[in-house]
Amino acid sequence: MKKGDVSQETQGAVDDGDSGVDDGSGKKNKELSRRNFLKTAGALGMAAALGGAHEKLFTTEAGAATASPLAVTVLGSGGPMAMVDRASPGYLLSVDGTPRVFMDCGGGTYERLGQGRILNLERVDMWLFSHFHIDHCADFPAIIKSMYYLRRAYNPTPLTIIGPDRGGKFPSAVEFVDKNFNPETGVYAYLHDFLNTVYSPDIRLTTMNVPYDYTVYKSPITAFEKDGIRVSTIPVRHGSDLATPSVAYRVDYSGKSITFSGDLSSDAGLDRENIVALSTGSDVLIYDASLSPAQQFDPPDDYHTLPGEIGQVAQAAGVRKLVLSHFMPPYTDLKIREIVAAVKQYYSGTVIVASDLLAVDTE
């Protein structure tokens, strides 16, 4: 585990976007200049924004451990409240050292990508949303636009976005993307021109809804398979009466696996069965650890899981590493020690306290 950067070499030189080309009328063709800029800006990883171009802009200390076939970088380990040292939840999975899968993207995760110099996003082809609470999806349009400038458009593979179906007051994954980017009615309608642009190949988005009814679906569902990467999902309860459509995910590759709980309640019965079924045998399980041991609720909390029950789930699933994340104020070192101690009462494996830009491998 280590913090660091994603390896990337730079090539070419940046057109400053203002030089243009004379079209014969004495006026410079700004469109052609912009096209040239976009063709080279991604190759340089926006070097100017990071303090100038270098022969090797990034070190080989990857944001994800490159020696591991499957690894995860924590982009945000906090919750819905602004915190000085934790962004809202978000994670980036790397396959053979290359970023490929986003899981959620709450507020601040966009900034963490820059701070970690994780700019080689051209091969990201999956985005997994556990649910559509704002602290899990707020930075989505900002990262999408950034990916456009970072050459994602030159990857001909569609970017597949997966999330729960519509329910309660929440849109489905298909509707969420449409409400963001629809060229007529989208909140960010102008970004449709970036996704379908004359300046570079299109960033093609494809969306998929998965079921969230935890009372019906009791076994993992294979949602996506590509290049040896398999994505499985299962519904979890985050709030009462299916009010917040929520799912957990598991990503398998080359005999390694990472499971992400999303947010889920402290019900020791039904909820535990589903997350155990999904995470059994996982190398890494990332778990919502919002509650402290002192928060004893009767009935159990509808939205998050008590630490002792996290430990019970991890032990029952036989996971090798348990990553505790989604910490919420007021939290202190003492509170986190108490959470870890409560987890370890039931779980005998490795416990990792998430922090932003921490990388966890599956070795």
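Student: In the hairpin of E9 and E10, which residue takes a positive phi?

Tutor: Keep in mind that this is a predicted model. The residue is Ser254, with a positive phi near 50 degrees. The hairpin has 2 residues between the strands.

Student: How do I read the pairing on either side of E9, parallel or antiparallel?

Tutor: Strands of a sheet pair through backbone hydrogen bonds, in either a parallel or an antiparallel sense. Here, strand E8 (residues 229-235) runs antiparallel to E9 and is joined to it by 6 bridges. Strand E10 (residues 256-260) is also antiparallel to E9, with 5 bridges.

Student: Which residues point each way from E9, and are they buried or exposed?

Tutor: In a regular strand the side chains alternate between the two faces of the sheet. From E9, Val247, Tyr249, Val251 and Tyr253 point one way, while Ala248, Arg250 and Asp252 point the other way. All are buried. With 7 of its 7 residues buried, strand E9 (residues 247-253) is therefore largely enclosed by the rest of the structure.

Student: What is the strand order in the open sheet of 7 strands?

Tutor: The order is E6-E5-E4-E3-E2-E1-E14, and the pairing is mixed. Strand E6 (205-210) and strand E14 (359-361) are at the edges; each has a single partner strand, so one side of each lacks a neighbour in the sheet. From one strand to the next, the twist averages 20 degrees.

Student: In what sense do E3 and E4 pair?

Tutor: Strand E3 (residues 98-105) and strand E4 (residues 126-128) pair in the parallel sense, over 3 bridges.

Student: At what angle do the axes of H3 and H4 cross?

Tutor: Helix H3 (residues 140-149) and helix H4 (residues 173-181) have axes that come within 11 Å and cross at roughly 70 degrees. That makes H3 roughly perpendicular to H4. The crossing is right-handed.

Student: Which residues make the contact?

Tutor: H3 contributes Phe140, Pro141 and Ile144, and H4 contributes Phe176, Val177, Asn180 and Phe181. By class, the contact has 6 nonpolar residues, 1 polar and no charged ones.

Definitions and conventions:
Residues numbered from 1 in each chain as written. Predicted model: local features only at pLDDT ≥ 70, side-chain atom pairs only at ≥ 80, totals over all residues. Heavy atoms only, no water. Axes fitted to C-alpha atoms, helices over the stretch in contact; angles between N-to-C directions. Helix = DSSP H or I, 4+ residues; strand = E, 2+ residues; numbered from the N terminus. Parallel < 35°, antiparallel > 145°, perpendicular 65-115°, else oblique. Left-handed = near helix turned anticlockwise from the far one by under 90°. Contact = heavy atoms within 4.5 Å. Nonpolar A, V, L, I, M, F, W, Y, C, P; charged D, E, K, R; others polar. Pairing = 2+ DSSP bridges. Buried < 20%, exposed > 50% of the residue type's maximum accessible area, 1.4 Å probe, protein only.
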